[in-house]
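Please examine how the two chains of this assembly are arranged.

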2 protein chains.
Amino acid sequence: MGNNIVVGYEISKIGKKIKKIKLTKPALKSGPRSNMKREEKRQLKLDAILRHAAAAFMEKGYYKTSLDDIALLHKVTKPTLYYYVKNKEDILIKCEDVASVRINGLLDQVTACAENGFVQLENFIRGYVDIITDDIIRCHIRHRGQREDKAARNASLKMHRGIEHRVREIIIKGMDDGSIRDCNSTIIAILLFDALNGISAWYRDEGQLNHEELVQQVLLLVTEGVKNKV
Amino acid sequence: MGNNIVVGYEISKIGKKIKKIKLTKPALKSGPRSNMKREEKRQLKLDAILRHAAAAFMEKGYYKTSLDDIALLHKVTKPTLYYYVKNKEDILIKCEDVASVRINGLLDQVTACAENGFVQLENFIRGYVDIITDDIIRCHIRHRGQREDKAARNASLKMHRGIEHRVREIIIKGMDDGSIRDCNSTIIAILLFDALNGISAWYRDEGQLNHEELVQQVLLLVTEGVKNKV
DNA sequence: CTATATTGTTACCCATGAGTAACTTAAACT
DNA sequence: AGTTTAAGTTACTCATGGGTAACAATATAG
């Protein structure tokens, strides 16, 4: 009886990896109050782990950061991490989820305002530069690309395309309402993201460069370009 | 007599690693013609290795690419690679050297022309988008950042700063001669590189997007921005 | 107060891949 | 020719680090 508490076994398609699955479902019948507390605590710990991991990944890079490093930062041992994440890559995936929510949230907010396309684009840029201050987002931007798992790779691509598409829509709206000049919205959206995401690789809020100054320069560049109007 | 042909031993500072050093210096006395041929061949092979490595690194990433992978691409075995490069990281360093020469060469060319700052900047952008078509350059852009060796890390930073500085100089020149509007040249230079380097991560010459179209959109964005002039 | 699920630990396993030693073959100089 | 150097091979070592098994402690439920 000792070892039938926890698991059953399921052989994946390839038959190479064996996956543990729970047979006992997470007890949902008990009082939601106490359960809530547990779930809350768990979520907080997961968040902390993501923060620590993201910070480490940003400093040393994904492959140069071991799970032991992350565990140490979080003051637990490596196997404990596996209680919160499926594997190393899952950390990146969870960072991606956070990023998706925040960026799409920003887009919701921006597109909800009844402004013309250009102003919406400005607002998006402002918000985005703000968002990429967060280590988790920066970590995602830097490491979206590195996905061993095929499904994860596709999901990442899909989310990325989704966001790019929404920005493209803003640009198109701007061209329609006359606030943005005629241009190739696809290329412009990509270039914009290249520049903004690039910022996340070097900019620190604590650094010497002022946040407002940065935003101003970005907006001016995107708005006016650099050529002097004589 | 068998084993005193080749080597002496030298203990590095740390005393941990032992390094082989040649006592027999590379014969330079013999005819330069034949030597040239050897050096030439060697250089060609090194170039081929760099090409193969860069292609692999761009496809799978540095850490997911083993030296065996590269050796296989080059149709030799791993130890042979060590005849051409010091270690794995040395491949990145050699790619960096290539990149440095090409980009600084472009800058030489661009700044040699007696044009105003804005036109020089335009010419640089045109040339740069051309250059980042090359796998070796793309590899360098993607992996400058990953340097375990401290000296290599510093060298990389220095080269990068050097190039950025030269572009900043062009922008400043443009502001002086009135061809470029007043701006923070440091930030603009960085943003420009962020956008351009970003391109190297996704653009393929063989793809559906036309090279000229891309260059046009970049130049327009940098020149005019996206705001419609009413 | 006891049973059960939740967190966490110590001690492993084992695949991977960088780097090396020692030997073989091919080329080139005299 | 015959010897030296370059170029390449096979067969290893060995550190690293992701992942797991099995056990220990702590909460929570009934």
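In this predicted model, the copies meet through the same surface, because 100% of the interface residues of chain A are also interface residues in chain B. The contact draws 35 residues from chain A and 35 residues from chain B.

The relation between the chains can be stated geometrically. Two copies of a chain are related by a rotation about an axis and a shift along it. Here, chain A is superposed on chain B by a rotation of 180° with 0.0 Å of shift along the axis, at an RMSD of 0.0 Å. The two copies are therefore related as by a two-fold rotation axis.

The size of an interface is often given as the accessible area lost when the parts come together. Between them, chain A and chain B bury about 3400 Å², and carbon and sulfur atoms account for 65% of that area. On the side of chain A, the most area is lost to chain B by A:R181, A:L191 and A:V226, which together contribute 21% of what that side buries.

Polar interactions also cross this interface. Residue pairs in polar contact number 24, counting pairs with both residues at pLDDT 80 or more, and the rule finds 2 salt bridges. A salt bridge joins the side chains of A:K64 and B:E148, with an N to O distance of 3.1 Å. Helix 5 (117-131), helix 8 (185-202) and helix 9 (211-224) of chain A each provide at least two residues of the side that touches chain B. By class, that side of chain A comprises 19 nonpolar, 8 polar and 8 charged residues.

At its start, a side-chain oxygen of A:N87 comes within 3.2 Å of the backbone nitrogen of A:E89.

Terms used:
Residues numbered from 1 in each chain as written. Chains lettered and ligands numbered in written order. Predicted model: local features only at pLDDT ≥ 70, side-chain atom pairs only at ≥ 80, totals over all residues. Heavy atoms only, no water. Contact = heavy atoms within 4.5 Å. Buried area = accessible area lost by both parts, 1.4 Å probe. Salt bridge = Lys/Arg side-chain N within 4 Å of Asp/Glu carboxyl O. Polar contact = N/O pair within 3.5 Å; in protein donor to acceptor, adjacent residues only side chain to side chain. Helix = DSSP H or I, 4+ residues; strand = E, 2+ residues; numbered from the N terminus. Nonpolar A, V, L, I, M, F, W, Y, C, P; charged D, E, K, R; others polar. Least-squares fit on C-alpha atoms with pLDDT ≥ 70 in both.
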